[in-house]
Amino acid sequence: MAKAAESFVCQSCGAAYGKWQGRCDACGEWNTILAEAPKTTVPKGLSAGKGKAINFAALSTQPDTVVRTVSGIEEFDRVLGGGLVPGSAILIGGDPGIGKSTILLQAVAQLARRGTTALYVSGEEAVAQIGLRAQRLGLADAPVMLAAANSLRDILAGIDTAMAQAKGGPAVIVIDSIQTIFADNIESAPGTVNQVRACAHELVRVAKRSNAAVFLVGHVTKDGQIAGPRVVEHMVDTVLYFEGERGHQFRILRAVKNRFGATDEIGVFSMTDGGLSEVTNPSALFLGRSEAGKGEPVAGSAIFAGMEGTRPLLVEIQALVAPSPLATPRRTVVGWDTGRLAMVLAVLDARCGLRYSGCDVYLNVAGGLRVVEPAADLAVAAALLSALADTPAPERTVFFGEISLAGEVRPVSQSESRLKEAAKLGFEHAVMPAAAKTKVKGIGTSELMRLNELVELFPAARAAAKRAAAGRDRSSWTGEDE
Ligand code: TYD
Ligand code: MG
């Protein structure tokens with residue numbers, strides 16, 4: 001009999017390969033691919049008439065809404081699409097130490113206070129340790145049931161017992177973390193792809209059969225020996241990532257997949273001594289010094305009127321443009337896409353005649369937020385022009401709009417929400433796509449067809465670009481630049 005081929009599996013994302021390689025093509029991580037024992041194959045010859053017949057239920061008899069369980073922590077509930085759906089499995093991923101255990105402890109404590117059966121299983125901390133944390137967070141009175149365990153078999157038995165004792169009604173179970181749980185019928189070590197997959201699979205089944213909402217915590221790891229949360233993404237109903245920058249106190253809970261709600265929804269929190277507190281007006285957090293009416297206006301800054309899911313969010317985009325001594329000038333981006341910056345620079349060059357090729361360009365989204373919307377193009381362009389011209393952008397002005405390769409300013413969705421948020425925070429003017437055709441009381445608009453019209457707002461930019469290019473030519477003649 002032919003020997004089944006060994007397979008090689010990326011421990012970070014679960015991608016499988018026929019032979020070993022150093023870097024995973026799927027997720028880009030290095031040294032994460034390990035050999036795995038051959039899989040047992042699916043038995044052949046399943047034919048009709050041999051199984052226990054499944055039941056089909058008429059679509060028309062199904063309830064048209066799900067009753068969700070809310071924690072009362074609005075930022076948390078909103079990211080879930082308006083609360084927990086019974087029987088759903090939710091993955092919450094994030095870097096170690098970002099606050100996953102903290103947010104879940106706070107959430108289940110609130111849920112428990114409101115009458116939800118709450119079980120918290122920790123594979124990382126002792127029960128007393130979690131108790132101390134709860135005390136510090138002022139949650140010690142909440143009727144949460146704690147357990148410290150690593151064996152999946154024991155955990156499943158414990159959940160069954162606890163659920164049988166519960167009075168019915170909504171329930172929530174937290175497994176913190178999936179990488180510390182092991183199934184004793186699988187040979188590989190806890191945290192490997194095989195273990196994480198098998199444990200997650202069983203725990204998702206617990207959600208379906210007990211009708212409890214099950215949270216699985218997954219640490220994002222750089223260590224190839226430990227499986228990352230991506231391995232379980234496809235098994236669960238909802239995938240949340242908890243993000244934040246070191247050195248910044250805010251945290252963002254972001255839905256990247258949700259069978260029961262919108263993705264791209266975010267919840268904003270700030271990490272304090274008393275745990276995570278909700279930030280109900282996040283725009284204020286991501287506006288730097290140049291927030292409407294405050295501080296001196298500075299060159300190289302533009303306010304982007306963005307959307308995060310259903311909610312508008314104003315963010316300051318900062319750019320620094322400086323003559324470069326390097327043959328290949330630097331392009332450094334924090335909080336935005338490097339490729340997108342290259343595109344905006346190329347369009348400024350090709351369509352507006354503004355050359356940044358002699359300059360280092362640094363781009364930063366204030367507050368450590370990560371912006372993904374193409375609608376930020378126009379604000380990025382404004383920050384780049386303002387930096388190059390060394391002139392502040394027009395005061396109390398927000399920018400939004402997508403830029404096409406042809407140099408057009410293209411319309412984006414939800415202009416009205418963006419304008420309303422800007423007006424609410426004291427901005428008086430918006431530079432936006434002409435096609436938007438939206439008016440909001442209290443805010444004037446400049447409606448652009450082409451990127452060239454934005455360049456005209458920064459008259460000094462052209463001369464500055466010429467000087468930078470000339471300076472570069474001169475220095476390359478005299479060899480100054482090495
Ligand atoms: P934690 O929830 O344990 O992170 P994770 O489960 O994602 O690994 O959070 C740990 C960090 O949060 C730790 O560095 C301390 C900080 N923290 C606070 O600042 N305030 C608090 O009230 C708590 C509980 C934690
Ligand atoms: Mg933790």
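Thr116 sits in the loop that links helix 2 (100–113) to strand 5 (117–122). Keep in mind that this is a predicted model.

**Thr116 and its surroundings**
- With a relative accessibility of 6%, Thr116 counts as buried, because the cut-off for that is under 20%.
- Leaving aside residues up to four places away in sequence, Thr116 is in touch with Thr69, Leu111, Pro170, Ala171 and Val172.
- Val172 turns up again in the strand pairing: its bridge partner in strand 8 is Ala213.

**Strand 8**
- Strand 8 pairs with strand 4 (residues 89–94) in the parallel sense, over 6 bridges. Gly93 has Gly218 as its bridge partner there.
- Strand 7 (residues 171–176) also pairs with strand 8 in the parallel sense, over 4 bridges.

**Helix 4 against helix 5**
- Helix 4 (residues 152–165) packs with helix 5 (residues 193–210) at an angle of about 10 degrees, and their axes are 11 Å apart. That angle makes the two helices roughly parallel.
- On the helix 4 side, the contact uses Leu152, Leu156, Ile159, Asp160 and Met163. Helix 5 answers with Cys199, Glu202, Leu203, Val206, Arg209 and Ser210.
- Sorted by type, the residues of this contact come out as 7 nonpolar, 1 polar and 3 charged.

**The annotated stretch**
- UniProt, in an unreviewed entry, lists residues 65–220 under "domain: RecA family profile".
- Over residues 65–220, the chain is 40% helix and 19% strand, with the end C-alpha atoms 34 Å apart.

**Thr438**
- Thr438 lies in the loop between strand 20 (429–433) and strand 21 (444–448).
- Its relative accessible area is 13%, so Thr438 is buried.
- Ser415, Glu416, Leu419, Met432 and Thr445 are what Thr438 touches, again not counting residues up to four places away in sequence.

How values were computed. Residues are numbered from 1 along each chain as its sequence is written. Chains are lettered from A and ligands numbered from 1 in the order in which they are written. This is a predicted model: local features need pLDDT of at least 70, side-chain atom pairs count only at pLDDT 80 or more; totals for chains, interfaces and linings use all residues. Side-chain values use heavy atoms; hydrogens and water are left out. Axes are lines fitted to C-alpha atoms, for helices over the stretch in contact, and angles run from 0 to 180 degrees between N-to-C directions. Angles under 35 degrees count as roughly parallel, over 145 as roughly antiparallel, 65 to 115 as roughly perpendicular and the rest as oblique. Contact means heavy atoms within 4.5 Å. Ala, Val, Leu, Ile, Met, Phe, Trp, Tyr, Cys and Pro count as nonpolar, Asp, Glu, Lys and Arg as charged, and the others, Gly among them, as polar. UniProt positions are given in the numbering used here, feature names are shortened, and annotations may be inferred rather than shown by experiment. Buried means under 20% relative accessible area, exposed over 50%, partly exposed in between (1.4 Å probe, protein chains only). Two strands pair if DSSP finds at least two bridges between them.
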